[in-house]
Amino acid sequence: MSFTDKVKEELTHKDKYNYSEQLSELSALIRIDGSIQISNKHLAVKVTLYHGNLARRIYSLIKERFGFSIEIRVRQDRKFNLSYNYDIIVTPQPGVREFLLELGFLTPKNNLVFHIKEEYLNSRQLSQAYLRGLFLAGGSVNSPQSEYHLEFRCERESLAEDLIELLANFDLKAHQTKHKKYQVIYFKSYAEVIKVLNIIGAHQAMLKMENDHIVKELKNNVNRRVNFETANLEKSVSAAMDQLEYIDIIEREKGLESLSSGLQEMAEIRRANPYASLKELGEIIDLSKSGVNHRLRRIKKIAQNLT
């Protein structure tokens with residue numbers, strides 16, 4: 001099961017929402033996965049879902065709240081690993097028009113509405129419910145182990161614009177792009193993805209992502225530390241090899257005895273300890289790190305003057 005499916009599975013098992021929140025969530029689901037149909041001049045609604053638990057949730061909500069007669073059709077999708085599609089059909093019957101009016105799909109004059117209902121935009125609580133419905137219908141989120149990415153799929157530009165406005169109410173600045181026939185509203189930062197999961201109520205998924213983020217950060221910090229220390233070690237070894245070469249040049253050209261006692265001692269200590277750090281060399285001859293560095297620079301300058 002993908003991480004997106006786990007998030008949706010968590011959300012479908014949450015049922016402690018009031019009537020208005022349920023309607024807001026339902027409106028978003030129908031906006032993405034539903035269609036309004038006309039049969040013999042009567043209205044009908046069809047919602048196609050891809051998760052059995054979500055289909056049962058929507059069926060129960062419509063049945064219990066509105067008492068509609070509902071048809072359910074289960075189809076096997078041979079294109080996608082033989083998964084099942086669930087068609088929930090509210091057939092033509094009294095109350096369907098009022099149902100669509102309440103969810104914000106029709107005006108009193110029976111004109112279709114392609115924007116999010118103002119009530120769902122203006123109420124923080126109902127905005128959260130609407131966002132949850134949008135994610136259940138057309139959202140996805142990457143696994144915490146991969147790059148951070150969460151998106152909502154919208155068929156219409158009007159819905160994409162409203163969604164950006166809704167997200168802005170939560171201080172979220174979304175990105176927008178077009179993919180095939182869809183407008184895609186997305187986030188790519190850890191902080192934004194975590195915030196969206198929290199808003200829609202996917203708290204288990206949020207905690208999972210936070211935990212994996214901590215582990216990832218710890219691993220990155222360890223890797224950075226190892227890389228830093230490795231680079232320093234390589235730099236120290238390279239410098240030590242150069243210092244040994246300078247000592248060899250002085251010995252070959254004029255002998256180490258030509259050096260002052262302090263520099264001669266430094267040359268001999270470096271030869272005896274080719275991989276020691278400046279600090280370690282200083283501890284051997286009771287000299288500060290800067291003092292060791294100063295003597296080695298003097299040895300380097302003498303050697304360079306001899307070549």
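Modeller: A pocket here is an open set of grid points with protein on both sides within 12 Å along at least five of seven lines, and its lining residues have an atom within 4 Å of a point. The model is predicted. In it, the second largest pocket has a volume of about 370 Å³. Its lining is made up of 15 residues, and those nearest the centre are Arg 31, Gly 34, Ser 35, Phe 114 and Arg 156. Two elements each give two or more residues to this lining, namely helix H2 (19-33) and strand S1 (34-39). The largest share is that of S1, with four residues.

S1 pairs with strand S2 (residues 42-49) in the antiparallel sense, over six bridges. Gly 34, one of the residues nearest the pocket centre, stands opposite Val 47 in S2. Two residues lie between the strands of this hairpin, where Asn 40 takes a positive phi near 55°.

For context elsewhere in the model, helix H6 (residues 124-138) has 15 residues and reaches 21 Å from its first C-alpha to its last, close to the 21 Å expected at 1.5 Å a residue. Twelve of the 15 residues of H6 are buried, so the helix is largely enclosed by the rest of the structure. Among them are Tyr 130, Arg 132 and Phe 135.

How values were computed
Residues numbered from 1 in each chain as written. Predicted model: local features only at pLDDT ≥ 70, side-chain atom pairs only at ≥ 80, totals over all residues. Heavy atoms only, no water. Expected span 1.5 Å × (residues − 1). Buried < 20%, exposed > 50% of the residue type's maximum accessible area, 1.4 Å probe, protein only. 1 Å grid on protein atoms, 1.4 Å probe; cavity = no way out; pocket = protein on both sides within 12 Å on 5 of 7 lines; lining within 4 Å. Points joined across faces, edges and corners; volume = space filled by probe spheres on them. Pairing = 2+ DSSP bridges.
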